[in-house]
Amino acid sequence: MADIAAVPLTPTSPPHGTLARAERFVWLTARVLEQRLFAHHFRDGAAGPVETALEAYRNADGGYGHALEPALRGPASLPAHTARALHVLDSVARCDARRAEDVCRYLTSVSTTEGALTAIRPEAALPAVRPAGSGDAAVRLPGALSATAPVVGLLHRNEVWHPWLFRATDFCWQAVESLEAARPSDVVAAVLFLDHAPDRARAEAAADRLGHLVRRERLVVLDPDAPGARPAASTAPGSVPGHTPGDRRFPHDYARTPDSLARAWFTDAEIERSLDVLAAGQQADGGWPARRLPGAPEPAPAALLEARPIATIEALRTLAAYGRSLA
C-alpha cells in the first residue's frame with residue numbers, strides 16, 4: 001500500500017475521526033474522480049476539477065462508459081454509467097442544459113419505444129468486446145424503473161426539458177403507481193424520481209402509497225438488533241472483502257436526505273437507529289463497503305476497489321445531511 005505519510009490530510013482534522021479516516025481511505029484507494037469529489041464535498045474543493053475528471057469517461061455518442069460505474073467494465077456507453085455521470089454533475093451543480101442535451105441525445109438512442117431505459121443484463125455487464133457507443137441491443141430489452149427513474153429524477157431536479165424526458169416521465173409514473181411486489185432497488189429508484197417530479201401533489205400521493213408498501217412488505221430493516229439485520233462485509237468462500245451482499249435496506253437507504261419524501265415513512269427513532277447503523281459501517285481502513293449493483297455480476301477486486309470510495313462519499317454525505325458529526 002502507498003506510504004500513508006504522503007496522504008494530504010487537513011491538519012485540523014482529528015486524526016482518528018470519521019472524516020479523517022475516510023479521507024485517508026479515499027486518497028489511498030480512489031480514482032481521481034472520487035478524490036476530486038471528496039475534496040469538493042468536504043474540503044471546499046472547486047467543482048471544475050470534478051467536471052474535468054468526469055470528462056474522461058464521456059463518449060462521442062453523448063453517453064458515458066469506461067467503467068464509470070465500476071461494476072460494468074469496458075468502454076461502451078451504458079445507461080448505468082450515464083446515471084452515475086448525472087449524479088456526479090448534479091452533486092457539484094454542473095448538470096446544465098448544454099451537458100444535458102448531449103446526455104438526452106444518447107438516452108434517446110438507447111431507450112425503448114416508450115422512452116424507458118433498460119436494466120443491466122449480466123451477460124452484457126462486461127462489454128469488453130463491444131465498441132464504444134454500441135447500445136442497439138439495449139433497445140430490444142424491456143424498460144426498467146430501476147434504470148430510468150434515477151435519470152429522470154435528476155434531470156427534473158435540474159429543470160432540464162427534452163422530448164425524451166416527456167416519454168420517460170410518463171413511463172416512470174406508470175411504473176411507480178403500479179408497483180405492488182417491488183424490490184428494494186425499485187423503491188430506491190422510485191423515490192429518486194418522486195423527490196423531483198414536477199407534479200408535487202401526485203408525487204406526494206405516490207410516495208405515501210409506496211411507504212405503506214415498504215413497511216407492509218418488510219422491504220426495510222427497522223430493528224438493527226434483530227439477528228442478521230446489520231450489513232456486514234461478505235466473508236463467505238469466494239466472496240470479495242468490502243462488498244455488502246444481499247439487498248437489505250435501512251431507512252437511510254430510502255430517505256437519503258431529511259427533505260426526501262421517504263423521510264415521512266419513518267419515525268425519528270427509526271431514522272436515528274438507521275443512521276447509527278450507517279455510521280457503524282465504516283470499516284477499519286476508513287471506507288464503507290460497496291453495495292452490489294442490481295443485475296451486475298459479483299464485482300472483481302478492481303471494480304470493488306473503485307466502488308468503495310463511491311460508497312464512502314455517499315455515506316458521509318448522508319450522515320452530514322442529517323447533521324451527524326463527522327469528527
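Predicted model: local features only at pLDDT ≥ 70, side-chain atom pairs only at ≥ 80, totals over all residues.
From helix 2, the residues Glu 34, Leu 37, Phe 38, His 41 and Phe 42 meet Pro 309, Ile 310, Ile 313, Leu 316 and Arg 317 of helix 13. By class, this contact comprises seven nonpolar residues, one polar residue and two charged residues.

The structure holds one cavity of 30 Å³ or more, and the largest cavity contains about 80 Å³ of space. Its lining consists of Glu 34, Leu 37, Arg 84, His 87, Val 88, Ser 91, Pro 309, Ile 310, Ile 313 and Glu 314. Helix 2 (32-42), helix 4 (79-91) and helix 13 (301-321) each give two or more residues to that lining. Five of the lining residues are nonpolar, two are polar and three are charged.

The second pair is formed by helix 9 (residues 184-194) and helix 10 (residues 200-216), whose axes lie 10 Å apart at an angle of about 160 degrees. Helix 9 and helix 10 are therefore roughly antiparallel, and their crossing is left-handed. Val 187, Ala 190 and Leu 194 of helix 9 make the contact with Arg 200, Ala 203, Ala 206, Ala 207, Leu 210 and Val 214 of helix 10. Here eight residues are nonpolar, none is polar and one is charged.

Technical notes
Residues numbered from 1 in each chain as written. Heavy atoms only, no water. 1 Å grid on protein atoms, 1.4 Å probe; cavity = no way out; pocket = protein on both sides within 12 Å on 5 of 7 lines; lining within 4 Å. Points joined across faces, edges and corners; volume = space filled by probe spheres on them. Helix = DSSP H or I, 4+ residues; strand = E, 2+ residues; numbered from the N terminus. Nonpolar A, V, L, I, M, F, W, Y, C, P; charged D, E, K, R; others polar. Contact = heavy atoms within 4.5 Å. Axes fitted to C-alpha atoms, helices over the stretch in contact; angles between N-to-C directions. Parallel < 35°, antiparallel > 145°, perpendicular 65-115°, else oblique. Left-handed = near helix turned anticlockwise from the far one by under 90°.
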